[in-house]
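Please look over the sequence and the model before reading on.

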Amino acid sequence: MLSFLRLSSQHPTVNDELPNRIISGTVVVKPNIKELRGSSVIFEDGSVEEKIDVVIFATGYNVSFPFLDSSVITVRHNQVSLYKHVFPPALEQPTLAFVGLVQAHGPLMVVSEMQARWVTRVFAGLGKLPKTKAMLKDIQRKKDELAKRFLPSQRHTFEEDFIYYMDELAMQIGVRPSIPWLFLRDPRLALTVFLGPCTPYQYRLMGPGKWAGARNAIFTQWERVIKPLQTRMLQEKPHRSAGALLLKVTTAAVLCVMVAYYVHWQRPALLQKLVDKVGIHWQ
């Protein structure tokens, strides 16, 4: 249990190339570094790598907004107080928003697109933000959840679970799909959305920005996943259907019966000779 908690206390590295590199040996997994000595690196397991050219410290980024006044937004230890990671709660009017300042465990562009949909509606007056007190309460709630789940580090200040965060933003816009409503209207679509992957198409099924092609896009999304993997298309051999085979067998049987009938009545002596050759006594 402790190992699982330690594993889930940091955000994962999503990279489909890394496993192949590890398997092929071009990337070697090593324990923590114990000491840097000249051009050598000594690891905690006692192993040593010599003649190291470069050491890269992947410490993340320092978040800062020097072009904004501190009364608008403040940053302390990479922590920024933004409602849903988007809106500063202290402004009298929602005239400033941040898009992409979040680390969701999923594709950032998809999250940013959803944030932009929300921001444009608020700017246009089609959506309203809660009161400042409510926004500050929500910001503190998220900070408390992060403190309980992740290691205390400046790397874990914008963490969000992809699906939950997308649903949060979708609720602000009014585009989160209602599974019970879908079950009543379109059970097949409801099952696909509920059991399938969380793709942006499902946030185009209803509400503002509804797209008529979203339903078909959801049903065909796996085809678009598989298509790029089919690098070599083989020509399939034509399969003989059971109906065609049955027709051929029936035609052959009818022809045999017709030939036997003709020989029996028109050439009875010939038929008797054939029967005698195979050792059958004709009655």
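**Salt bridges**

The model is predicted. It holds 12 salt bridges. Side chains of opposite charge can pair when their charged atoms come close.

| Pair | N to O distance |
|---|---|
| Asp138 and Arg141 | 2.8 Å |
| Glu145 and Arg141 | 3.0 Å |
| Arg215 and Asp186 | 2.5 Å |

Where do Asp138 and Arg141 stand relative to each other in helix α4? They are three residues apart in this helix, which spans residues 132-149, and so about one helical turn separates them. Glu145 and Arg141 are four residues apart in helix α4, which again means a separation of about one helical turn.

The members of these two pairs can also be described by their accessibility. Asp138 has a relative accessibility of 12% and counts as buried, because buried means under 20%. Arg141, at 33%, counts as partly exposed. Glu145 is partly exposed as well, with a relative accessibility of 43%.

The salt bridge between Arg215 and Asp186 has an N to O distance of 2.5 Å. Arg215 belongs to helix α8 (residues 214-219), while Asp186 sits in the loop between α6 (179-185) and α7 (187-195), so the pair ties together parts that are 29 residues apart in sequence. Arg215 is partly exposed, its relative accessible area being 35%. Asp186 is buried, at 16%.

Which residues are linked in a network of salt bridges? The network consists of Lys84, Asp138, Arg141, Lys142, Glu145, Glu160 and Glu168.

**Lys84**

One member of the network, Lys84, is found in the loop between β5 (79-80) and β6 (103-104). Is Lys84 buried or exposed? Its relative accessibility is 6%, so Lys84 counts as buried.

The side chain of Lys84 makes a polar contact with the side chain of Glu168, at 2.6 Å. Glu168 is also a member of the salt-bridge network. When neighbours within four places in sequence are left aside, the residues in contact with Lys84 include Asp138, Arg141, Lys142 and Glu168, each of which belongs to the network. Lys84 is also in contact with Gln115, Trp118, Tyr165, Leu169 and Gln172.

**The sheet**

Three strands form an open sheet, in the order β1-β2-β3, with antiparallel pairing. β1 and β3 (48-49) are at the edges and have a single partner strand each, so one side of each has no neighbour in the sheet.

Strand β1 covers residues 33-37 and strand β2 covers residues 40-43; the two pair in the antiparallel sense over four bridges. Within this pairing, Ile33 has Phe43 in β2 as its bridge partner. β1 and β2 form a hairpin, with two residues between the strands. Gly38 lies in the turn of this hairpin and has a positive phi of about 65°.

How many bridges join β2 to β3? Two bridges join these strands, which run antiparallel. Here Ile42 stands opposite Val48 in β3.

Technical notes. Residues numbered from 1 in each chain as written. Predicted model: local features only at pLDDT ≥ 70, side-chain atom pairs only at ≥ 80, totals over all residues. Heavy atoms only, no water. Salt bridge = Lys/Arg side-chain N within 4 Å of Asp/Glu carboxyl O. Buried < 20%, exposed > 50% of the residue type's maximum accessible area, 1.4 Å probe, protein only. Pairing = 2+ DSSP bridges. Polar contact = N/O pair within 3.5 Å; in protein donor to acceptor, adjacent residues only side chain to side chain. Contact = heavy atoms within 4.5 Å.
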